[in-house]
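Q: Please show me how to read a few local features in the model below.

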Amino acid sequence: MPASRSTKRSTNSEPRPGRARATAVWILIVAVVALGVFVSALPASVATRFLPPNVHADDLSGSIWHGAMGKVTVAGRDAGALEWRIYPAALLHLSLKLDLHWVHRGFGAEATAAIDRGRATLSAIRGGGPIEDLQEFGVVRGWRGTTDIALDKLSTDMVRILSASGDVTVTGLSAAQLAGGAELGGYVLHLGTDSVDANGVVTGQLNDTGGPLKVQGTITVSPQQHSGTLSGTIRERNLVSEDLRKELDSLAQLRGRDRDGNIPVDLEFSF
């Protein structure tokens with residue numbers, strides 16, 4: 001009998017697997033909370049340590065969780081201001097997810113970003129503003145209009161673009177150096193799910209949304225080469241201005257017209 005009581009007492013003293021797992025879960029929760037409290041106390045200026053060498057930020061405010069850079073410069077050029085808010089739960093998966101809000105003069109955009117294993121993906125990119133406020137990003141001086149951005153996805157490996165899809169729309173487009181600054185109408189650039197090739201070259205379909213010109217074409221852009229091409233056709237409508245009609249007549253003399261009166265266009269540009 002004594003031996004039996006001793007054996008029973010020894011068995012009860014052993015830790016139960018379920019209780020051990022529960023203890024481990026609580027330890028993990030406490031550790032995560034402690035880490036969250038520690039990180040939340042870090043100032044926004046900590047984020048500057050993770051910026052690329054050619055990116056500089058000033059006028060930082062807030063915390064690492066929810067902060068802002070009042071002035072961002074890229075290669076010495078003004079790149080506007082940036083605000084971010086981090087999703088803490090993503091850190092448990094060793095990735096980074098955050099909401100971004102970017103403003104440059106009258107132009108602004110917001111998106112949700114996910115950074116994981118050297119790849120950054122922006123989703124639900126929405127924004128817009130005057131295109132003349134984007135001269136630091138390659139827009140030629142003298143062009144005017146209003147842009148609306150509605151991109152579903154844009155991903156990069158920090159070297160080249162990997163994928164992009166959605167629409168970019170421009171309304172009230174004009175250029176001081178073209179047809180005396182006459183309005184050229186509105187246009188939409190559509191990027192399909194297969195718009196980016198293995199080299200990061202982006203190809204989109206361009207169509208007019210009404211106005212003095214009927215335009216159908218393809219725009220191909222190489223971000224790494226800072227160049228692109230526009231290939232397609234253009235034709236005037238009845239409401240075209242006299243200055244614009246003269247420009248089109250001169251172009252038609254050089255390129256000719258097809259049976260439908262369209263003028264073939266094949267232009268190269270750099271940015």
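Q: Is Met158 buried or exposed?
A: Buried means under 20% relative accessible area, exposed over 50%, and partly exposed in between (1.4 Å probe, protein chains only). Met158 counts as exposed because its relative accessibility is 52%. This is a predicted model: local features need pLDDT of at least 70, side-chain atom pairs count only at pLDDT 80 or more, and totals for chains, interfaces and linings use all residues. Residues are numbered from 1 along each chain as its sequence is written, and side-chain values use heavy atoms, with hydrogens and water left out.

Q: Where is Met158 placed?
A: Strands are DSSP runs of E, at least two residues, numbered from the N terminus. Met158 is in the loop between strand 8 (143-156) and strand 9.

Q: Where is Ser165, and is it buried or exposed?
A: Ser165 belongs to strand 9 (residues 161-175). Ser165 is buried because its relative accessible area is 13%.

Q: Which residues does Ser165 touch?
A: Contact means heavy atoms within 4.5 Å. Leaving out residues up to four places away in sequence, Ser165 touches Leu151, Asp152, Lys153, Leu191, Gly192 and Thr193.

Q: What is the phi of His226, and where does His226 lie?
A: Phi of His226 is also positive, near 55°. His226 lies in the loop between strand 12 (213-222) and strand 13 (227-236), and is partly exposed, with a relative accessible area of 44%.

Key:
Helix = DSSP H or I, 4+ residues; strand = E, 2+ residues; numbered from the N terminus.
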